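Reader: I would like to learn how to read a model of this kind, taking one feature after another. Could you give the general idea each time and then the case at hand?

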Amino acid sequence: MVAVDTSKCCDSKGPFVRRYIMPKKMFFTLVFLFVTLNECFGDDDHEMEEFLKREYSLSKPYQGVGSLGSSHWELMGDAMVTTDQVRLTPDMQSRQGAVWSRIPCHLKDWEMQVHFKIHGQGKKNLNGDGLAVWYTKERMQKGPVFGNMDNFTGLGIFVDTYPNEEKHIEAQKKRYTPRTQRIFPFVLAMVGNGSISYDHERDGRPTELGGCNAMVRNLKHDTFLFIRYVRRRLTVMIDIDGQHEWRDCLDIPGVRLPLGYYFGASAITGDLSDNHDIISLKLYQLTVLRSKKEEEEEEQEEITIPSVDNMDLLRLGQSDEGMSGLSIFFTVLFSMLGCVFLIIIGMVVYSQWNESRRKRFY
Ligand SMILES: *[C@@H]1O[C@H](CO)[C@@H](O)[C@H](O)[C@H]1NC(C)=O
Ligand SMILES: *[C@@H]1O[C@H](CO)[C@@H](O)[C@H](O)[C@H]1NC(C)=O
Ligand SMILES: [Ca+2]
């Protein structure tokens with residue numbers, strides 16, 4: 001929590017409060033909040049229509065998936081197709097598998113609905129490592145990031161089922177402070193530009209855009225992940241309670257992703273394992289009305305390298321202290337109240353000073 005710093009406000013040269021110097025961090029929080037609010041209210045007047053795009057979707061009966069050339073989707077590693085799912089990894093140690101679209105996607109605005117299932121014999125925290133959904137330049141690469149290459153270029157949404165960082169700190173017999181603790185499985189988003197490494201030991205925290213916890217293992221009902229990319233805004237929601245309700249996970253404006261990347265899903269197991277199943281990937285094209293100005297802007301600056309605007313603000317927002325949305329809200333609220341209070345005091349002091357000055361002169 002940022003305290004209102006009163007020591008800086010009162011200039012010793014005069015009683016009048018000349019200016020209120022905001023702590024830098026709070027300033028960024030405020031800016032971030034305003035930008036976010038702006039974006040929220042700006043969005044609602046844009047109508048949307050959606051169309052299922054079969055060429056980018058994967059669903060039962062998975063016709064031709066895995067056979068040469070006859071499908072839009074290609075399997076890799078230990079991935080296997082059955083009648084009910086595409087199993088990226090079985091519940092066995094040291095496996096990795098993936099399924100990748102063969103066709104680059106040139107849609108500007110889209111929505112991916114992922115129907116998945118993670119289940120296995122292991123008890124909680126004796127399972128791993130999770131699965132990922134991708135929109136990347138590269139495809140069909142093996143690697144350590146949930147079965148995909150490191151330093152990938154594009155978007156990754158991870159369902160991380162094993163708390164590496166927590167276990168690492170526990171192993172060093174350091175006390176694990178609650179503020180850094182996170183409940184796993186954890187859903188997390190990351191944008192890579194080809195030279196950003198995923199920190200597996202820290203569960204990707206240094207590069208995360210945001211995330212949420214999601215108890216998705218060994219559930220009887222269906223579990224879904226929803227990834228929407230509209231007008232450079234990335235929204236992730238989850239439906240894991242069997243109530244057919246989407247729950248917000250993350251929502252970030254200013255995410256710049258190039259066109260022509262590939263969709264995919266991958267998973268990996270290590271010493272610990274799980275079945276990581278994809279039941280379907282449904283890709284919807286969204287048609288979004290844009291103003292002329294927006295269209296011109298987008299045409300002028302074609303995106304070639306993925307990036308995220310205000311990445312440092314995002315990092316400040318979730319900072320080391322792990323400020324939640326609520327605490328940011330209260331910080332801002334109390335800071336504003338503090339400002340108003342100081343201004344009022346300043347005005348009172350100023351008017352009294354003015355009056356005494358007048359008395360002196362007349
Ligand atoms: C990728 O992002 C990192 C960190 O933001 C930056 O230092 C680097 O220059 C970027 N690389 C490219 C190719 O844009
Ligand atoms: C990923 O990028 C980092 C920083 O650019 C580099 O140090 C590392 O070797 C790269 N890793 C791979 C597997 O290319
Ligand atoms: Ca992990």
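Author: Let us begin with a term for surroundings: a residue is near a molecule or strand if its C-beta atom, placed from the backbone, lies within 6 Å of it. This is a predicted model, in which local features need pLDDT of at least 70 and side-chain atom pairs count only at pLDDT 80 or more, while totals for chains, interfaces and linings use all residues. Residues are numbered from 1 along each chain as its sequence is written, and chains are lettered from A and ligands numbered from 1 in the order in which they are written.

Reader: Which residues surround ligand 1?

Author: Ligand 1 is surrounded by Asn193, Gly194, Ser195, Ile196 and Ile305. If Ala, Val, Leu, Ile, Met, Phe, Trp, Tyr, Cys and Pro count as nonpolar, Asp, Glu, Lys and Arg as charged, and the others, Gly among them, as polar, this shell holds two nonpolar, three polar and no charged residues.

Reader: In what order do the strands of the open sheet lie?

Author: Strands of a sheet pair through backbone hydrogen bonds, either parallel or antiparallel. Strands are DSSP runs (E, at least two residues) numbered from the N terminus, and two of them pair if DSSP finds at least two bridges between them. Here seven strands form an open sheet in the order E2-E5-E15-E7-E8-E9-E10, with antiparallel pairing. Its edge strands, each pairing on one side only, are E2 (73-77) and E10 (210-213).

Reader: How many bridges join E7 to E15?

Author: Seven bridges join these antiparallel strands, and Tyr135 has Phe263 in E15 as its bridge partner. On E15 (residues 262-268) there is also antiparallel pairing with E5 (residues 96-101), over five bridges, where Gly97 is partnered by Ala267. Strand E8 (residues 153-160) pairs with E7 (residues 130-136) over seven bridges, and eight bridges join E8 to E9 (residues 186-193).

Reader: How many residues of E15 are buried?

Author: A residue is buried if 20 or more other C-beta atoms, placed from the backbone, lie within 10 Å of its own. By that criterion seven of the seven residues of E15 are buried, with Tyr262, Gly264, Ser266 and Ile268 pointing one way and Phe263, Ala265 and Ala267 the other.

Reader: Which residues touch the most other members of the largest nonpolar core?

Author: In soluble globular proteins, nonpolar side chains tend to be buried together. A nonpolar core is a set of buried Ala, Val, Leu, Ile, Met, Phe, Trp, Tyr and Cys residues joined through C-beta atoms within 7 Å. Of the 61 residues in the largest one, Val99, Ile157, Val187 and Ala265 touch the most other members, and its largest share, six residues, comes from E9.

Technical notes:
Helix = DSSP H or I, 4+ residues; strand = E, 2+ residues; numbered from the N terminus. Buried ≥ 20, exposed ≤ 12 C-beta atoms within 10 Å, placed from the backbone.
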